[in-house]
Amino acid sequence: MSVRRTSVSQSTICVLLLGVLGFAMSAQVAIAMPALFKADERAHAAYAVALSQGTLPTIYTDIPGDPVRYPQLAESLFGADEAHRDIWVANHPPLFYVMSQPLVWLGDAVGSLGLTLLGMRLLNALGFALTTIMVGLLARELVPRRPAVPVIASAMCIGCGAMTFVGGGIYNDGWSSAAAFTTLFLGFRMIRQGVTRERLIAATAVGVAAAGFRSTGLVAVLFLGACVLVAMWLREPSLRTFLRGTFWRAAGIVACIGLAPVVVFGWFYARNIQLYGDPTASSALFEKFGREPNGSTLFQLVNPEFYGHLLGSLWTDGNIANHWSQAAAIVLTLTVVGLVVDAAAKANPRRTGVLQRVQLAPQSPMQHRQDLAIWAILAGYCLLILINVAGFIAGGGWIHARYAVPFLPFLAAGAGLAALRLGRAFPYRPLPTGAATGGTAFDEARDLRIGLGVSLAFMVVGLVCHLDTEQYVDGPVSSTFALVALVAADLVMFAVAAYVATELRRRMQPGTFDTIPALTVAVTDIARPHEGSGASSARQAK
């Protein structure tokens with residue numbers, strides 16, 4: 001019995017390389033930034049410490065302040081008001097802090113809380129690196145016929161200075177975002193390739209993890225259920241057939257998906273309701289910190305400043321200079337202009353110039369419906385998250401880059417499409433390799449050239465943004481060679497950047513990059529259990 005080997009596509013390799021660069025940049029911040037420097041780091045670290053002592057904290061639990069055992073925590077409490085002396089992030093589910101327990105135990109074993117703090121920062125950096133990778137993979141699901149878009153999308157994450165800067169702090173957002181995006185990605189895979197038991201088990205497990213990191217993970221689980229319904233609906237001849245035959249089976253599967261996180265982490269949200277009056281403790285936290293309401297949710301949703309601050313936070317969060325908000329304005333402007341021009345080119349193409357028709361691989365009606373379904377589901381996910389963030393801001397909360405991360409797949413895919421369209425304003429001469437001479441091959445080669453340039457530009461922006469922030473020589477692990485450690489971290493970061501740039505240039509070449517596979521319309525056993533495997537094989541062979 002032969003085993004078929006599946007090779008990793010070139011676009012996936014490029015996306016993985018950008019994830020490695022993102023980790024290196026976040027690790028540089030983690031090593032150099034003073035201990036507990038960023039907002040909420042103290043509370044997140046204290047949550048893990050309290051958990052190691054056998055206590056599941058509340059938002060009123062004191063932060064451990066033993067100056068001998070936890071000197072950094074004790075020092076950070078000097079001058080803090082009463083509200084900020086508590087573990088105020090204890091409204092979050094405990095999964096990230098459970099993952100941090102080996103780091104706490106290691107720090108206790110060697111008598112260095114700084115080692116625990118650095119380890120938790122690097123753990124979050126790994127989560128943000130995975131988030132960067134998943135943004136690219138989601139972009140590929142959104143735009144399957146433009147293989148340069150996933151690379152641009154992941155590179156845009158690197159270019160958002162706050163992404164890698166926040167990735168160097170102690171937060172649960174890196175892993176929560178990665179888990180939520182992976183949940184959506186597995187749902188989109190089921191829309192593309194069908195619902196199987198293996199995919200259902202994997203997606204449900206990741207969805208449970210997403211709900212265990214942050215409450216927003218429940219939103220991803222909700223839309224995972226929508227993906228299953230759509231996937232099984234699209235494989236029926238009509239909506240009527242689906243409602244009569246497969247709907248109840250699909251509804252049962254969706255119910256099981258939704259029940260899984262309730263069984264595993266429902267107790268925590270029930271605890272929050274009992275302690276604070278709502279599942280996320282938002283009202284209790286607003287009262288604890290004396291936050292004043294800032295209009296209504298609807299007011300925030302129609303307020304242009306809300307969107308400006310939300311997008312701008314991706315470049316200006318933390319101690320990143322405010323002038324980097326110009327990068328957000330430039331990216332948003334070029335994206336909107338590029339998408340408008342792209343729509344005009346599709347409606348009324350020209351023979352040459354920026355409005356020239358792009359020759360893409362042929363697409364079946366089923367694939368077109370899958371594209372529309374995936375865009376609609378991701379748009380619904382972003383809309384629900386947007387309403388949640390607007391409600392938080394209306395209640396008196398502040399905007400941070402962490403709250404803008406869920407929108408990155410949608411924004412980055414749009415930016416990638418816009419870049420490929422606007423890049424056609426520049427002349428292009430194919431390399432004398434004979435790999436791309438006309439038609440679809442010529443357009444794919446041009447896309448790769450544009451994608452490479454835009455990706456490298458985003459990388460440069462991200463690195464310059466890092467250099468523009470203040471460089472510290474006071475990391476969480478005290479050392480006589482702190483300056484040497486900082487210089488070494490900088491050198492490693494730039495060495496990784498140079499390697500990734502070289503690899504992108506080598507891999508994004510015509511004739512060696514991704515080809516667009518024809519997606520088979522497979523009917524799975526779960527979607528139609530009354531059909532045997534022989535019928536399914538015969539259908540695929542036609």
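Start by selecting Phe223 and Tyr381: both residues are buried. Keep in mind, as you look around, that this is a predicted model.

Now show the two rings. Their centres are 6.1 Å apart and their planes stand at 90°, so Phe223 and Tyr381 make an edge-to-face pair. Next, colour helix H11 (residues 217–234), where you will find Phe223, and helix H17, which holds Tyr381.

Move on to Phe247 and Trp248, another aromatic pair that is edge-to-face. Here the distance is 5.1 Å centre to centre, with 75° between the planes. Are these two buried or exposed? Phe247 has 26% relative accessibility and counts as partly exposed, while Trp248, at 66%, counts as exposed.

For a group of rings, select Tyr47, Phe96 and Tyr97, which form one aromatic cluster. In total, the structure holds 14 aromatic pairs.

Then pick Arg291 and Trp398. The charged end of Arg291 sits over the ring of Trp398, 4.5 Å from the ring's centre.

Last stop: the second largest pocket, with a volume of about 1,000 Å³. To find its centre, select His92, Arg214, Phe392, Arg402 and Tyr403, the closest to that point of the 39 residues that line the pocket. Several elements give two or more residues to this lining, among them helix H9 (173–193) and helix H12 (239–276). Which element gives the largest share of the lining? That is H17, with six residues. Finally, colour the lining by type: 18 residues are nonpolar, 16 polar and five charged.

Notes. Residues are numbered from 1 along each chain as its sequence is written. This is a predicted model: local features need pLDDT of at least 70, side-chain atom pairs count only at pLDDT 80 or more; totals for chains, interfaces and linings use all residues. Side-chain values use heavy atoms; hydrogens and water are left out. On a 1 Å grid over the protein atoms alone, a cavity is a set of points where a 1.4 Å probe fits but cannot get out, and a pocket is an open set with protein on both sides within 12 Å along at least five of seven lines; lining residues have an atom within 4 Å of a point. Grid points are joined across faces, edges and corners, and a volume is the space filled by probe spheres set on the points. Helices (H or I, at least four residues) and strands (E, at least two) are DSSP runs, numbered from the N terminus. Ala, Val, Leu, Ile, Met, Phe, Trp, Tyr, Cys and Pro count as nonpolar, Asp, Glu, Lys and Arg as charged, and the others, Gly among them, as polar. Rings of Phe, Tyr and Trp (its six-membered ring) pair if their centres lie within 6.5 Å; planes under 30 degrees apart count as stacked, over 60 as edge-to-face and the rest as tilted. Buried means under 20% relative accessible area, exposed over 50%, partly exposed in between (1.4 Å probe, protein chains only). A charge sits over a ring if NZ of Lys or CZ of Arg is within 6 Å of the ring centre and within 35 degrees of the ring normal.
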